[in-house]
Amino acid sequence: MALAPLIVMAPAVRVLIVDDSVVARVVLTRLVQADGRFMVVAAVGTIAAALQFLTDEAVDIILLDVALPGVDGLTALPDMLAAGRGARIVIVSSSAGDGAATTVQALALGAADTLEKPDASGLSSDFGRRLVDRLSRLSDRSTTGRAPTPAPIALAPITLTSVAPPPRTAEDAYDIVAIGASTGGIHALGQMLRALPPTFRLPILVTQHLPTSFMPYFAAQLALMAGRPCDVATDRLRIRPGRLIVAPGDAHLRCVSLGEGNAAVRLTTDPAASGCLPSVDPMLSSLAEVFGRRLMAVVLSGMGRDGAEGARRVRAAGGCVVVQDQASSVVWGMPGAIAMQGLADAVLPPDAIGRLVATRRRP
């Protein structure tokens, strides 16, 4: 008699809920566990209780409220990340709406995602579907990646006050930096930018997947992180040294040559292959056409494959591509797609990418 094939079930994704409302904890538990892939291992009302639980237990995802008694969720976020030992944190709060300062602050501090929590009467099946969708994307093995990460290159430490060494040869240098990121990318971007010394003056262009309403506050956050002015891109904006330019939430940031080494931004809304708006691919592809081997392209944590086609064009034009490593990425989809195709010149954590970029040298 033929034996039935052995089916090996994946272990449930372990979820910790931190919310001071008993009603919210009960409802969130029910909504999460309605999907058999997830198991709520604890639901607590304070940061202290959460940290105590994480001392002895491991979880995959933490649902964290902001308005908590004693220490609030944002203040505790760095400690929760450390105690979680790789757990992804989703801020679930009434103050985490689109464009809210809380939302961008949470993402900048390392939260993997945010979700606006309605009042108790709104904790319905529709909210539950959105919540489970967030959990599914963050726990999807196809987006987090499981392939071994290439070994990082060795880098000499560079402090924020040090002067970046000159390039070894004129051909070794680059003149502009372009950064693409999505889920988990804001925190990585902050780590990378803080590793650049004040003397680093090359223009930096950024495409981060965020809604339009987030952009003014996001630009202000980037300016603080980088210690330099940051503009939300407008059509025909000149690209200048010492400045950051971030794509708006409703258009692709492209680059056009103005001759004699000068360039400007052009905004377009043509559909991108990735389906993203803004998309990293148009930014990298257009910069590759204008700057060629003088372009350093960086792709940080993010879901999907946006940036892979742009990275291919950067390499074809002689430019350099560096991506975030798997261990430090919230989601290794975007950088992983590039690394797995052999298009990355280096695979590094964000702070090491910043130190490498500061040298103006190719790895």
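**View 1. Glu260 is placed in the loop between strand E10 (252-259) and strand E11.** The model is a predicted one, in which local features need pLDDT of at least 70 and side-chain atom pairs count only at pLDDT 80 or more, whereas totals for chains, interfaces and linings use all residues. Residues are numbered from 1 along each chain as its sequence is written, and side-chain values use heavy atoms, with hydrogens and water left out. Helices (H or I, at least four residues) and strands (E, at least two residues) are DSSP runs numbered from the N terminus. Glu260 has a phi near 55°, a positive value in a residue other than glycine. Its relative accessible area is 81%, so Glu260 counts as exposed (buried means under 20% relative accessible area, exposed over 50% and partly exposed in between, with a 1.4 Å probe and protein chains only).

**View 2. Arg360 is located in the segment after helix H12 (350-358).** Although Arg360 is not a glycine, its phi is positive, at about 60°. With 25% relative accessibility, Arg360 is classed as partly exposed.

**View 3. A cis peptide bond links Leu277 to Pro278.** The omega angle of this bond is about 5°. Pro278 belongs to the loop that runs between strand E11 (262-268) and helix H9 (280-291).

**View 4. Thr103 is a buried residue of helix H4 (residues 101-109).** The relative accessible area of Thr103 is 1%. Once residues up to four places away in sequence are set aside, Thr103 touches Ser95, Ala96, Gly97, Thr114 and Phe214, where contact means heavy atoms within 4.5 Å. The buried residues of H4 are Thr102, Thr103, Val104, Ala106, Leu107 and Ala108, and their cover includes helix H3 (73-84), strand E4 (88-93), strand E5 (113-116), helix H7 (185-194) and H8. Just after H4, Gly110 adopts a positive phi of about 120°.

**View 5. Helix H4 crosses helix H8 (residues 215-226) at roughly 40°, and the two axes come within 10 Å.** This angle makes H4 oblique to H8, given that angles under 35 degrees count as roughly parallel, over 145 as roughly antiparallel, 65 to 115 as roughly perpendicular and the rest as oblique. Axes are lines fitted to C-alpha atoms, for helices over the stretch in contact, and angles run from 0 to 180 degrees between N-to-C directions. Ala101, Val104, Gln105 and Ala108 on the H4 side meet Tyr217, Phe218, Gln221 and Met225 on the H8 side. By class, this contact has 6 nonpolar, 2 polar and no charged residues, where Ala, Val, Leu, Ile, Met, Phe, Trp, Tyr, Cys and Pro count as nonpolar, Asp, Glu, Lys and Arg as charged, and the others, Gly among them, as polar.

**View 6. The axes of helix H1 (residues 22-33) and helix H5 (residues 125-139) come within 9 Å and cross at roughly 65°.** The crossing of H1 and H5 is right-handed. Leu28, Leu31 and Val32 from H1 meet Phe127, Gly128, Leu131, Val132 and Leu135 from H5. Classified by residue type, the contact of H1 with H5 has 7 nonpolar, 1 polar and no charged residues.

**View 7. Leu131 lies in helix H5 and is buried, at 0% relative accessibility.** Apart from residues up to four places away in sequence, Leu131 touches Leu28, Val32, Leu63 and Leu115. The C-alpha atom of Leu131 is separated by 8.9 Å from that of Val92, although the two residues are 39 positions apart along the chain.

**View 8. Ile353 belongs to helix H12 and is buried, at 0% relative accessibility.** Neighbours within four places in sequence being left aside, Ile353 is in contact with Met192, Val298, Leu300, Val322, Val323, Gln324 and Leu348. Ile353 and Ala195 are 158 residues apart in sequence, while their C-alpha atoms are 8.2 Å apart in space.

**View 9. The protein chain as a whole comprises 12 helices and 14 strands.** Of its 363 residues, 53% count as buried. Among contacts in the protein chain with a separation of 6 or more, 73% are between residues 24 or more positions apart. The accessible surface of the chain is about 15,500 Å², and 56% of this surface belongs to carbon and sulfur atoms (areas come from the Shrake-Rupley method with a 1.4 Å probe, and for residues only the protein chains shown count as cover).

Notes: Left-handed = near helix turned anticlockwise from the far one by under 90°.
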